[in-house]
Every structure is written in C-alpha cells, then in structure tokens.
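Open the model in your viewer and keep the selection tool at hand. Each stop below tells you what to pick next.

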Amino acid sequence: MKNNIEEIDKLIKETLSEEEAKFYKGLEEQNIFEMVTGLFTGKNKWIMYVMNVMTLLFFAVFIYCIIQISNIEETNELIRWGIYCFISLIAMSMLKMFAWMQMDKNAIIRELKRLEILLSSLSGRIHN
C-alpha cells in the first residue's frame, strides 16, 4: 500500500509545475505539534487565543474549587463546590474538543487540496 502511495506521489510531482510542486509539498501530513501550531494561523486565530485563555480561567476555577472542597465540612457546601468543579471540567473538555475538531478540519481540508491537485494534474495529463 505504501508503495502505491509513493508511486502516486511521484506521478503527481512529475506532472506539476515547479510552483504547484512546492504547494503540494506544503500539504504533506503533519505531526501533532504542527497541527497545534496550525490552529493559530488563518482568519480565526484570535478565537483560539480566546479559547486558550478561557481554558486557563476554567482550570484556575477548578483548582480554586478543589481547595474549597478540602476546607469544607458542611455537606451542602461540599456538593455546591463539587458541582462547580464538575462544570469547570466540562467547560475545559468542551474547549479542548473544539480545538481537536479544528485540527481534524484542517487535516481534511489539506487532503481535499491534495485531491484537487491530483485531479488537475491527471486531467492535464489525459488532455495532453
């Protein structure tokens, strides 16, 4: 399977112009660190900064709630601070889930661009 992919990549690179080949090379698979840094590029990078600040705030709330739970002796107060802990954990999880979905979206867009280049290079080869 890997040889087929390498052969297809070689075929694509042969049919592309120099500029297109450079663009195609930039669409290669990314590791996790490249994906995370990719979240902070583009038009919506500001929302990722805001979401990371919010995640830190919810984490601070979580730590504060844990400290309060360790100092509480009354059951009603314990339940209240436990609910706050749970809400802050859920909020952090939702924000992280959004970031992971954005990374997945970026990977899908990158693959779609690779397919577009493949189709255009193959159609150019067929017409020649």
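Start with Ile-87, which is partly exposed at 49% relative accessible area (buried is under 20%, exposed over 50%, partly exposed in between; 1.4 Å probe, protein chains only). Ile-87 sits in helix α5 (helices are DSSP runs of H or I, at least four residues, numbered from the N terminus).

This is a predicted model: local features need pLDDT of at least 70, side-chain atom pairs count only at pLDDT 80 or more, and totals for chains, interfaces and linings use all residues. Residues are numbered from 1 along each chain as its sequence is written, and side-chain values use heavy atoms, without hydrogens or water.

Together they form a nonpolar surface patch with about 710 Å² of accessible area (patch residues have over 30% relative accessible area and no salt bridge, with nonpolar side chains joined within 5 Å; a salt bridge puts a Lys or Arg side-chain nitrogen within 4 Å of an Asp or Glu carboxyl oxygen; areas are Shrake-Rupley values with a 1.4 Å probe).

Now select Leu-39, Met-48, Met-51, Leu-95, Ala-99 and Met-103. These six are the largest nonpolar core (buried nonpolar residues joined through side-chain atoms within 4.5 Å). Helices α4 (45–71) and α5 (75–127) each give two or more residues to this core. The most come from α5, with three. Ala-99 touches Leu-39 and Met-48, leaving out residues up to four places away in sequence (contact means heavy atoms within 4.5 Å).

Finish at Asn-106, also in α5. Asn-106 is partly exposed, at 24%. Beyond four places in sequence, Asn-106 touches Gly-38 and Leu-39.

Conventions
Patch = residues over 30% accessible without salt bridge, like charges linked within 9 Å, V, L, I, M, F, W, Y side chains within 5 Å.
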